[in-house]
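Here are some notes to read alongside the structure. Please keep the sequence at hand while going through the points.

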Amino acid sequence: MSQGALASGRGTSKVKAPAADSPEALAGSLAAALVEGEAAAVGAFLAYDSRLLTPDGTEVRGRRGVVSVLAQLATPGQRLSIEAGQTIRTGAVAVCAQRWTLRSETAGTPFERRSTGFLVLRCENGRWWVVIAAPWGVGS
């Protein structure tokens, strides 16, 4: 699943247990959880020492903090889609590029934010974990 769509829209199915046997499987499962608005499931994909880079460059530290920020994407009225890009892997580290689109409408005014972000993953004991998430890319 290193190329093509990962997830889009909100469906009626629930996200299954994390697939973490490859970087692509982990990125796809995380995307599905986010798109389905299942913030509680997101923590299962994150390393305990995970980090998230917000659009303004703030570094959020730790699994709880990262889940808290990503849960904001599940706000009613917002629609998230995530498309897979290239995955580069060397040993126990991988980088997965993704294209994110967040759409919403506030007081009748449509809003759309597109970004090319990435996930940095590491493998521990045969299981992949997200250690750095930068869904809005990296600022200058």
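Is W100 buried or exposed?

1. The model is a predicted one. W100 has a relative accessible area of 6%. Because the cut-off for buried is under 20%, W100 counts as buried.

2. The next point concerns ring contacts. A search through the whole structure gives one aromatic pair. Its members are W100 and W136, with 6.2 Å from centre to centre and 50° between the planes, and the pair is classed as tilted. The two residues come from distant parts of the chain, 36 residues apart: W100 belongs to strand β5, and W136 to the segment after β7 (127-134).

3. Strand β5 (residues 93-106) runs antiparallel to strand β4 (residues 78-90), and 11 bridges join them. Within this pairing, R79 is found opposite R103 of β5. The hairpin of β4 and β5 has two residues between the strands, and G91 in this hairpin adopts a positive phi near 60°.

4. Strand β5 also pairs with strand β6 (residues 109-124), again in the antiparallel sense, over 14 bridges. C96 has L119 in β6 as its bridge partner. Two residues lie between the strands in the hairpin of β5 and β6, where A107 has a positive phi near 50°.

5. A further tryptophan deserves a look. R127 lies over the face of W129, and the distance to the ring centre is 3.7 Å.

6. To trace β5 in the viewer, start from the β4 side with its 11 bridges, then go to the β6 side with its 14 bridges. W100, which is in β5, can then be located as a buried residue.

Key: Residues numbered from 1 in each chain as written. Predicted model: local features only at pLDDT ≥ 70, side-chain atom pairs only at ≥ 80, totals over all residues. Heavy atoms only, no water. Pairing = 2+ DSSP bridges. Helix = DSSP H or I, 4+ residues; strand = E, 2+ residues; numbered from the N terminus. Phe/Tyr/Trp six-rings, centres within 6.5 Å; stacked < 30°, edge-to-face > 60°. Buried < 20%, exposed > 50% of the residue type's maximum accessible area, 1.4 Å probe, protein only. Lys NZ or Arg CZ within 6 Å of the ring centre and 35° of its normal.
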